[in-house]
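Hi there,

Here is the structure I promised to pass on. My notes on it follow below.

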Amino acid sequence: MLQVGDEALYFSVLFVLVFGMTRSATGSSLLTAFLYVFLVTFRFPPVPADQAGRVLRPRSLSGGVPVVAHRGGGHDAPENTVAAIREASRNGATGVELDLSFTSEGVPVLMHDETVDRTTNGSGPVSKLQLVQLRRLDAAARHRLKDRFSGEKVPTLQEAVQECVKHQMVIFFDVKGQPDQAAAVLHEMYKKFPVLYNSSIVSSFEPKVIYKMRQTDPSVVTALTHQPWRLSRFGDGTPRTLSHWGQLWTGLLDVLLDWAHHHILWKLCGISAILVQKDFISQDYVEYWAARGVEVVGWTVNSAVEKDYYHNVLKISYITDSLLEDCDPHL
């Protein structure tokens, strides 16, 4: 929970900022009070700590660090496939992170990109293809181990969930957008497979997705995904725009978004975890969130040195592209 001292400090700062801009004590007081009442009224409490713990720190680990296979472990097998889930289980992963997408007729399937071009032998947006068309594609066509996994299909969400339940894998459902549709589909999946309440988590970069998920089903464990400077810079650090004013504007938005994640959004959504890009995680950062009852999960951790740091120093969960070997950094 947000500490009382923190809460008083944040709203005091807000009052001072508004007063500095308006020079109206009455207006500043009313706006600050309104925002406080809004937050208190519309926020969701987090799920019980023991439930979140079963998802984020499964008892089967016996004190070890949970390791989650990114997109099922996209280096070890074709990403977001049933084969990847099986390989992740065989290689010792605690869970898998899977990306939710939708076909043209609204069938939930696994796919990270908006198009099928990068991972299959097909072309075009997922949202423009019917399930029968996706079924004809080879999801291993562009993978480094394509000969071994030749003919692997793009799975539906239900097929992937069934495979995870079979192997007792924790699932990190990653949702890119479409909050209403995603929340409705996932809610149905949780009703069909009640074990998911204690073995899965829904995460997204989009706070509206998580808020809608908690609104639809308050019993689902959720997480916000965060990468500082995501709006202004690509993963490798290069600016998203060459315009000087564009860089200033997106940089300002990044600062505001970062502040909102750490002080408002986490509480409004009632999250149990925050998934953060690995380069921004330290022991102090982990302790900051632990004091608020929120677990930190790092992504994407792909080298032996980094993994050792997470296992023996930070001692927190991490997401990786490979359970078997070092692989290229994920940006």
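Let me start with Phe-173: beyond its neighbours within four places in sequence, its contacts (heavy atoms within 4.5 Å) include Leu-98, Leu-157, Leu-186, Tyr-190 and Val-202. This is a predicted model, where local features need pLDDT of at least 70, side-chain atom pairs count only at pLDDT 80 or more, and totals for chains, interfaces and linings use all residues. Residues are numbered from 1 along each chain as its sequence is written, and side-chain values use heavy atoms, with hydrogens and water left out.

Phe-173 is also among the residues with the most contacts inside the largest nonpolar core, which has 52 residues. Such a core is a set of buried Ala, Val, Leu, Ile, Met, Phe, Trp, Tyr and Cys residues joined through side-chain atoms within 4.5 Å, where buried means under 20% relative accessible area with a 1.4 Å probe, protein chains only. Helix H7 (residues 179-192) supplies the largest share of this core, six residues; helices here are DSSP runs of H or I, at least four residues, numbered from the N terminus. Another core, of 15 residues, lies apart from it and includes Val-47 and Ala-223.

Not counting residues up to four places away in sequence, Leu-265 touches Pro-207, Leu-224, Leu-257 and Ala-260. Its C-alpha atom is separated by 9.2 Å from that of Tyr-211, 54 residues apart along the chain.

Best wishes

Conventions:
Buried < 20%, exposed > 50% of the residue type's maximum accessible area, 1.4 Å probe, protein only. Helix = DSSP H or I, 4+ residues; strand = E, 2+ residues; numbered from the N terminus.
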